[in-house]
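Here is a friendly walk through one protein model. Have a look at it first, then read on.

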Amino acid sequence: QASLCWLSCRIAAHFCCRFVAMSRGMAFRCLQLQSLLVWIFLQPSRGWLQFQLLQWNPHWQCFVWNQNNCSTHVESQLNEWLEEYDVDFANAVEIVDSNYTTPKAWSILRTSCGPDRVALIYNNLRWRALEGNGTFQSAGCMEGDDRPYIVQVFESLNSTLIGSNSSNSSERLVVVGAHFPHPAGPSLPLSADQTDGLKNSIAGVVNGSGEQRVILIADTNEYSIVPNTAIREYLRLPTLKTVGTDLENTCCFDYGFFMSFDRIITNFGGHMRTKVLMQPPLPNWAQQVQEVTFKRGAFHLPVLGTLFAQGESGPGPGPGPGPVYPNHHSGFKTAFISIVSVLVLVMVGWFFYAAMSEKKKRDLLSMTEESQENDDSE
């Protein structure tokens, strides 16, 4: 439909310029119109996207020290991003305020291990969290009574996903929100003791639900020496495919942002586009510094991952070719394109009418001048 709209707009604009070529001003307007249409269709289209995913750990100091009203700023900024980027799933780590609320279109699943907390936020207009402990959901701690995680199966409310390998549903996926522990050193990955609990929980939910597509959104605390593929492998995510955000230096304020801890990783899709939503220098409210010791807070930069799922290549979950993913965000742009098409046709009609009127005026003027010349000659 979008292609037909584009073709009709382009052809209409072309003939508009052909019809009014005798008028320089109108031709210039037509060229402007064509340029506008080209610009619209060259913009990144959410019609080709599948998921908007957000990872952020503002850290506990923002809520406990709360200098310059940091906690209020964090909650307000998070809600603004949920709406601005139309986020599907977000993992908010160390949001200590238990009274934090999202906009109405989003819901929160919370878990904690000691003082550490994870909030898995999802768009409730598009997704429903399935209930069933061990089958559709699981939660736990990665290290003692610390480092929480949530594993949750979500079902699409508007047929977003097509072609699942699940025998009882074609519109589900597994989403993991987690706060990983720290490895023994910057040159080492996390140990099996630190990751086995999360790995086993993911396996239990995948096996129980029959859904193999997994999205991991986490503060992984893994250094850049550990690629996204290694994390997928030690968590034993199904399939051999790894799609993830770039290793951006998002951690932390206290160390000058040189560690790529915040990751979004999936085992399906085409590719991931990465956008860091804040950049140093941080606003004053985010710069938490203890007054006595001058210790800095460990504020992270937020990461937005846009998963392009249409036209994916490589092995898909289950037997046969990978699934096809039509998009739930394409309706607005299709409607917009249709409106533009109608407006273009109206403008073409007006241009044509104006051109014909101009031509008639010129013909009439020419006839009048010829008549006067004939009278003068007589």
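## Helix α4

Let's start with helix α4, where C70, S71, V74, E75, Q77, L78, N79, W81 and L82 are buried. Buried here means under 20% relative accessible area, with exposed over 50% and partly exposed in between, using a 1.4 Å probe and protein chains only. Helices (H or I, at least four residues) and strands (E, at least two) are DSSP runs, numbered from the N terminus. This is a predicted model, where local features need pLDDT of at least 70, side-chain atom pairs count only at pLDDT 80 or more, and totals for chains, interfaces and linings use all residues. Residues are numbered from 1 along each chain as its sequence is written, and side-chain values use heavy atoms, with hydrogens and water left out.

What covers those buried residues of α4? The cover includes β1 (51-56), α3 (61-64), β2 (89-93), β3 (106-113) and β4 (116-123). The expected span is 1.5 Å times one less than the number of residues. After the helix comes D86, with a positive phi near 50°.

## Helix α5

Now for α5, with its 18 residues: from first C-alpha to last it reaches 25 Å, close to the 26 Å expected at 1.5 Å a residue. Its buried residues are Q194, T195, L198, K199, S201, I202, V205, V206 and S209. Among the elements covering them are β6 (137-141), β7 (148-156), β8, β9 and α6 (228-234). Just past α5 sits G210, whose phi is positive at about 80°.

Is strand β9 (residues 214-219) mostly covered or mostly open? Mostly covered: six of its six residues are buried. On one side these are V214, L216 and A218, and on the other I215, I217 and D219.

β9 pairs with β8 (residues 172-179) in the parallel sense over six bridges; pairing takes at least two DSSP bridges between two strands. In that pairing, V174 has V214 as its bridge partner. With β11 (residues 262-266), β9 pairs in the antiparallel sense over five bridges, and there I217 stands opposite I264.

## The whole protein

Stepping back, the protein has seven helices and 13 strands. Buried residues make up 50% of its 378 residues.

Note on methods. Contact means heavy atoms within 4.5 Å.
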